[in-house]
Amino acid sequence: MKRIVLISSAMMALGTITASAQMPKLNAGIMSKIKSAMAKVIKKESTIVGNVATTGMDLKTTKPCKTTSYDYVNGAWQWDETTQTEYNSKGYVTATVTEDGDGKIRTENTYDDKLDGFVTKVTEYTWDAATGTWTNPTVVMSVELTRDEKGHVTKETIYSLDKDTKTLVNEGEYNFVYDSKTGELYSLSTVIEEKDEKSGEVTSVPLLISVQKWYKYNPNKIFDLGISDLEGDMLGDTENMIEKGTISITVMNIPIIGTIRGEYTDTKSTITVKLNGILNVTMSNEKLDDYGSNRTDMTISSGTYNTMVETITETNNEHGDCIKVVSEQASTTGAKAAGIGDIDTDMDGNYTLTMDYEYLETTSKPAYDFMTGNNGFIKKSMVVNRLDAQTNTFSPIQKVTYDEYVDYVSGATGIDKVTGNASENQNKTFYRLDGTKVGNQLNSGEKGVYIVKEGGRTYKVAK
């Protein structure tokens, strides 16, 4: 059962649940957090341009289809698992096959035919080595969508597999109401079953989010404010962004009304949720450079007694790949307004990771494009290192090798030397910053920042 941080914190402030349930992800374990951070880096897809020699692959539609991960144990790399990934023609993951020491599991995703990338069913299969076939299909997650006559999703019901009873159980229902004039989403409502982990008591908490103004809205994606837990990201949905709204929860028949405010610029996005003096949550994400480096700050404060601050800084290299993650977390407890609160900085959220990459050899390396993120490089391997705070030294903890890539449009696979996409460059003209024309391609030794004219648009690239 997922927890809603806003609800958990508000219920604690009202004295209806224990402190241990207030911020359930705060002490989830550092290795769990590190693996979560690593997974985001591993799954991060850089847009790439060019062609793979002899395979006919267009790297603009190319993604890794086979990866192998290793753990660093007693000074040596130990195989952890190998994952093969299948995609549809839109680049969405349709299936993965994961093999580890326990065997092989195949996971298939089924998508809604109208919403962008929305998974409606996840099915797992086990491998029967004796017959060489996939057996025992088991639905582990299912979503039912109800639509009105205009095609709007009015209800979303989520089911997940209960491992004890081996049946699908209802994990929650979400109801959506739309503006009759604009057709945009006006409100989202649900009822959260909140369990006190100490007493075991379950409390039903109605939740209503109403939107007065959207900064950005995509009708083909289901809105999710992303407040399910501290791992969630209220700014993660870059296509449905609230500028002004309200939030209401009812705890023990006590209505708590709050506000939602979003502020957005070209380099920074901030969203703040306030619950009537009981709870304030603010999350911001700031762009630090043109390579995708960014900093995310989250502050959760409950009245004048508890505050948790978390900052995650991700630094990318010139290819747009993350090379460093620094997570800093601290909490203040007690009457901080009176200056007598305790500050705890020894928390599970504090860690530093670095990533070292090996790239495939390229015969022509297209310049990094600030506008599109195209980097012209594909990864061959990545090593993740963790900082030991006591010795102030980094040690390797995991390695991932990118064993094979696939063009999800053509279906071509391969891993080879990369050549520049000559046909793509024919429509481009490169200029130096002083206006001097270079031509429709750059030589390998020409480093610097260039102006590119392509069709009707002009942009800069760095090489």
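Q: What is the bridge partner of Arg 261 in β15?
A: Arg 261 has Thr 272 as its bridge partner in β15. Strands here are DSSP runs of E with at least two residues, helices are runs of H or I with at least four, and both are numbered from the N terminus. Two strands pair if DSSP finds at least two bridges between them.

Q: Before going on, what kind of model is this, and how are residues numbered?
A: This is a predicted model, in which local features need pLDDT of at least 70, side-chain atom pairs count only at pLDDT 80 or more, and totals for chains, interfaces and linings use all residues. Residues are numbered from 1 along each chain as its sequence is written, and side-chain values use heavy atoms, with hydrogens and water left out.

Q: Back to β14 and β15: how many bridges join them?
A: Strand β14 (residues 254-264) is joined to β15 by 7 bridges, and the two run antiparallel. They form a hairpin with 3 residues between them.

Q: And how many bridges join β15 to β16?
A: There are 8 bridges between β15 and strand β16 (residues 279-287), again in an antiparallel arrangement. One of the residues involved is Lys 268, whose bridge partner in β16 is Glu 286.

Q: Which residue takes a positive phi in the hairpin of β15 and β16?
A: Asn 276 does, with phi near 45 degrees; that hairpin has 3 residues between the strands.

Q: Why is β15 largely enclosed?
A: Of the 8 residues in β15 (residues 268-275), 6 are buried, so the strand is largely enclosed by the rest of the structure. Buried means under 20% relative accessible area, exposed means over 50%, and partly exposed is in between (1.4 Å probe, protein chains only).

Q: What does the whole protein come to in helices and strands?
A: It comes to 3 helices and 30 strands. Buried residues are 40% of the 463 residues.

Q: Switching to rings. How many aromatic pairs does the structure hold?
A: It holds 8 aromatic pairs. Among them, Tyr 72 and Trp 77 are edge-to-face, 4.8 Å centre to centre with 65 degrees between the planes. Rings of Phe, Tyr and Trp (its six-membered ring) pair if their centres lie within 6.5 Å; planes under 30 degrees apart count as stacked, over 60 as edge-to-face and the rest as tilted.

Q: What about Tyr 92 and Tyr 111?
A: Tyr 92 and Tyr 111 form a stacked pair, 5.3 Å centre to centre with 25 degrees between the planes. Tyr 92 is in the loop between β4 (76-87) and β5 (93-100), and Tyr 111 is in strand β6 (residues 103-111), 19 residues apart.

Q: Which residues form an aromatic cluster?
A: Trp 214, Tyr 217 and Phe 223 form one.

Q: Which ring does the charged end of Lys 104 sit over?
A: The charged end of Lys 104 sits over the ring of Trp 127, 4.0 Å from its centre. The rule asks for NZ of Lys or CZ of Arg within 6 Å of the ring centre and within 35 degrees of the ring normal.

Q: Last topic: how many disulfides?
A: The count is 0 disulfides, where a disulfide is a pair of cysteine sulfur atoms within 2.5 Å.

Q: Are Cys 65 and Cys 322 buried or exposed?
A: Cys 65 is buried at 11% relative accessible area, and Cys 322 is buried at 3%.
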